[in-house]
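User: Hi! I have a model open and would like to go through it with you, chain by chain. Could you help me read it?

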Amino acid sequence: MAATEGALPKALTFGASLRIYGKALWQDKIALLALIWLLLIMIATIGVDYLAPFSPTDQSLRMRLSAPMTPSPTSALPHILGTDALGRDLLSRIILAGQLSLAVGFSGVIVSGLVGVCLGLLAGYYGDRTDVIIMRAVDLQIGFPFLMLAIFILYALGPGFWNVVLVLAIVRWPVYARVTRGMTMSLREQQFIESAKVIGCGGGRIMFRHILPNLASPILVLATLEIARLILAESALSFLGLGVQPPGTSWGRMIADGRQYIGTAWWLVVAPGFFIFLTALSANLLATWARAVTDPVHRWRVLAGARAGTKRQTRTTRHER
Amino acid sequence: MSNLSVEFDTQEGIVKAVDDVSVSLNRGEVLAIVGESGSGKSVTSQAIIGTLPIPPGQITGGQIYFDGQNLLELAPAKRRAIAGARIAMISQDAQSALDSRFTVGYQIGEMFRHHRGWSWKKSRAAAVDLLDKVRIPNAASRVNDYPHQFSGGMQQRAVIAAAISLEPDLLIADEPTTALDVTVQAEVMRLLQDLKTELGLSMILVTHDLAQAYETADRVSVMYAGRIVEHGDRDQIFGSPAHPYTRGLFAATPRMDQGDAELMVIPGTTPNLAALPQGCAFAPRCSNRQDSCVRERPQAVTIAEGHTSACLFASDVHAFGSPFPKGALDSERVGERHDHGT
Amino acid sequence: MTWYLLSRAQQSVLVILAAFVLVFVIGSVIGDPVDLMLPPEASDAVRDQLRRSLGFDQPLHIQFLNFIIRVANGFGESIWQSTPALPLVLSRLPATLYLAGCALLIAVPASLALGGWAALRPSSMADRVINIFSLGGVSIVDFWLGLMLVLIFSVQLGWLPTGGYGGGSVAYIILPAVTMAYRSIGRLAQFTRSALLDEYAKPYVMTLRAKGMSERRIFLHTIKNAAIPIVTLSGDEMASLINGAIVVESVFSWPGIGSLLLQAIGQRDLFLIEAAVFVMTVIIILVNLLIDITYAYLDPKVRL
């Protein structure tokens, strides 16, 4: 019963639902802060040339390894987060490095998501042998330690941006496939899919026009979680020297590079790691919030602006009615 | 119990699941609360024993007196001491009422352990006796079984065993047989009746099964949309119901003497509690509806000693007399139990 | 039960075989083994000679046979250490398991306490703080956390050593184990909370309330019911802890398989890398198998 209701959300116009979600977001200040941070970091990294306080590549031997808040001789602004071993402004470097970190996160999610969702749809919709083959592959791969696999493949392929994306896609697609398959299977049995079949819709049309839209919100939630995960994974790979290669840099690479100065210039390690932490935490917080808001069982509570609901309360209510 | 009201905060707004319900029960008596699903029967019984989920539930008014104490004003610890020990409950679905990770014996024994502080050994021995009492064969060995090793009827018996373990004064049976096969239903009901006589229990039987109510109850309350629409002695209710809803229920019950005759069906469905009509809640489905029914909410009127009905035309309905042919009630059971598929 | 165990064990064997093939495919097909073993500046003559001497010029199926023979002989000789790779990896295994085990010993009780606390007071302030704290666990870069802990507890306060094995003494394992545990705490605490809340929504809890049981006794029931999914996930955590050991070990110079793997990558020691990857994969598969057996044992319905 719950599944039926969940699958067929009340039709709302785009504008109306945007307004409702916006209001709910406004009420949850933590989720709001998370969203603001993510937007800020995205805008800053895209517009690094205009928004960074210093040029991220300008070196200055005189200013090398300056502590945070050291005034700059060339600008009115101080070096807020200090400078690195080549005297480059750390904050500007971090913003520049964020470009690659976020790019890997987003591209990885898009590629692995596309592959995983398509295969999950196929497995869930057609069932039988298609399902068995795809799910065997999923099970097999989930049995493998993912970081280990990524390290080994990347070692064989050689480092580089697209190789990192490719490897992350190879290791993470089963997550989407599993989720998509499960939901597709339950949707497949439902009335509106049956009706679509009766009026002669083909498999592809049903999958992409009728099933996929119903899976959009859980998949988006999953993708948000995965972005956080991939940013972390990228930093680990870069830390190991298998990710981004110089002169390109990413947050993980910055931590790795700063490690040798940890005794003398702690900010080189602390600052980039903190940026990863805040960004991943924001993505996770936002995903948790989005899950609560889009979950048909939970959402009326969140949207009504009532005290955050718990499963216990909601379920019993349904039972009682 | 008087003027009890319970509200639920749900998706569609505040719902009055139980609205101004008053009933009373004397020692050793059996009261049947009858009604369709969603009429507030179960919520009422949960309010009495204190298992209402709060929130979203909220008791908004009324008192529940048990032995001179208002249960709703008791401290939680005292309330818990009464629940289980003096008021016990049997729920609809024994399978989910039992915890699948603990043995049946443990779940009966913990009553003694918790309320009386007995040792586990002594509690277990008592559990064996109880399983014996509820007629489970080989009680001594089955006491160590897990619930899933029991059949549905045996699970319900185990639940009953736990409920009667401390010889409570009041037993609330919330549709105790809904989940069971027809033949098993009869056995469980017989067991309950025997236990009631043996232990001198008072009992509240919540059911949608009129035949069960007729066989077991001394008095009957009929609930509809969170309100008691009719209340009276068993013979008053069955002899000459004074509310159209009660009549509708009777007409919808299969009877032995009617053979294959078509069953009457009450048209429509149970109303949405979040959007009750202004007048009589049953009016939209009532075959005797008058204009005034839609405007005015009927209050309970007394028709005879101990017989009340919340219908504007109670005495007219009452005058129809018995819905059953002469002798049908005595000679045969009102009808073999059929599950109406709640 | 026996049937279940057999089919489960068979599945594990299949995954191990798949891992075996995968190691070959990645090492010899996706990557050019000669490129992977020699520094980029090596001359073509050197490359050809190595290619011929190791049989990498043969057709693939012959290479695969060679690979099987090589694996049987301990994955071939490590170029860096000049000993068979497999024993070298196995000698590092205890340190990795010790570290991952200690991390799990920290993570599980901490998660139960945090998750349980949050579940008993849903939507309270404590619940929110615990929620953010555990989300932090899955948002933090573990090697960065390790470096931060070193910075605070070793460099600034001087309480604990910065790294090394120290003969396995407690002082040496605290920082790496805590570093690894935090991520698991993040996942496990959240899971414990939702598993417990699910249990509290079940009808048997209402029965227990109707029986007048105390909240403590009810918690005993719910936690035992929630234990099965929690144990299962703890097993998953053991697997991801072993996985995460790769990076954390290198931060703390912990002499486990993880730091060996990294050194091997630095030395372009392909055979050693293959052995390390294979051994770690097998360990994780075995841990998963062990968890499923425990699961079957815990659940009275499967036990039959």
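Predicted model: local features only at pLDDT ≥ 70, side-chain atom pairs only at ≥ 80, totals over all residues.

User: What percentage of the 321 residues of chain A count as buried?

Analyst: Chain A holds 14 helices and 2 strands. A residue counts as buried if 20 or more other C-beta atoms lie within 10 Å of its own. By that cut-off, the buried part of the 321 residues in chain A is 46%.

User: Which helix gives the largest share of the side of chain A that touches chain C?

Analyst: The contact brings together 41 residues of chain A and 40 residues of chain C. On the chain A side, α6 (128-143), α7 (146-157), α10 (203-239), α12 (267-294) and α14 (311-320) each supply at least two residues. The largest share is 10 residues, and the helix that provides them is α12(A).

User: How many nonpolar residues are on that side of chain A, the one that touches chain C?

Analyst: The 41 residues that chain A puts into this contact can be sorted by class. Of these, 8 are polar and 5 are charged. The nonpolar count is 28.

User: Now chain C. Are α8(C) and α10(C) roughly parallel or antiparallel to each other?

Analyst: Helix α8 of chain C covers residues 170-200, and its axis lies 9 Å from that of α10(C). The packing angle is about 155 degrees, and angles over 145 degrees count as roughly antiparallel. The crossing itself is right-handed. The two helices α8(C) and α10(C) are therefore roughly antiparallel.

User: How many nonpolar residues are in the contact of α8(C) with α10(C)?

Analyst: These helices pack with their axes 9 Å apart. Their contact includes 7 polar and 4 charged residues. The number of nonpolar residues there is 15.

User: Is Lys224(C) buried, exposed or partly exposed?

Analyst: Lys224(C) sits in helix α10 of chain C, which spans residues 215-251. Its C-alpha atom is 12 Å from that of Tyr200(C), 24 residues away along the chain. Lys224(C) has 14 C-beta neighbours inside 10 Å, whereas a buried residue needs 20 or more and an exposed one has 12 or fewer. Because 14 falls in between, Lys224(C) counts as partly exposed.

User: Which helix gives the largest share of the side of chain C that touches chain B?

Analyst: This contact takes 17 residues from chain C and 24 residues from chain B. Two or more residues on the chain C side come from each of α9 (203-210), α10 and α13 (300-303). By class, that side has 6 nonpolar, 5 polar and 6 charged residues. The largest share, 6 residues, belongs to α9(C).

User: Which residue of β8(B) is the bridge partner of Ala88(B)?

Analyst: The strands β7(B) and β8(B) run parallel and are joined by 4 bridges. One of the pairings places Ala88(B) with a residue of β8(B), and that partner is Leu171(B).

User: Why is strand β9(B) described as largely enclosed by the rest of the structure?

Analyst: Within the sheet, β9(B) pairs in the parallel sense with β8(B) (residues 170-174) over 5 bridges. Strand β3(B) (residues 30-34) also runs parallel to β9(B), again through 5 bridges, with Ala32(B) opposite Leu205(B). Strand β9(B) covers residues 202-207 and is largely enclosed because the number of its 6 residues that are buried is 5.

User: Which residue in the hairpin of β10(B) and β11(B) takes a positive phi?

Analyst: Strands β10(B) (residues 219-224) and β11(B) run antiparallel and are joined by 6 bridges, and Ser221(B) stands opposite His231(B). Strand β11(B) is mostly covered, with 6 of its 7 residues buried. The hairpin has 2 residues between the strands, and the one with a positive phi, near 50 degrees, is Ala225(B).

Methods:
Residues numbered from 1 in each chain as written. Chains lettered and ligands numbered in written order. Pairing = 2+ DSSP bridges. Contact = placed C-beta atoms within 7 Å. Nonpolar A, V, L, I, M, F, W, Y, C, P; charged D, E, K, R; others polar. Axes fitted to C-alpha atoms, helices over the stretch in contact; angles between N-to-C directions. Parallel < 35°, antiparallel > 145°, perpendicular 65-115°, else oblique. Left-handed = near helix turned anticlockwise from the far one by under 90°.
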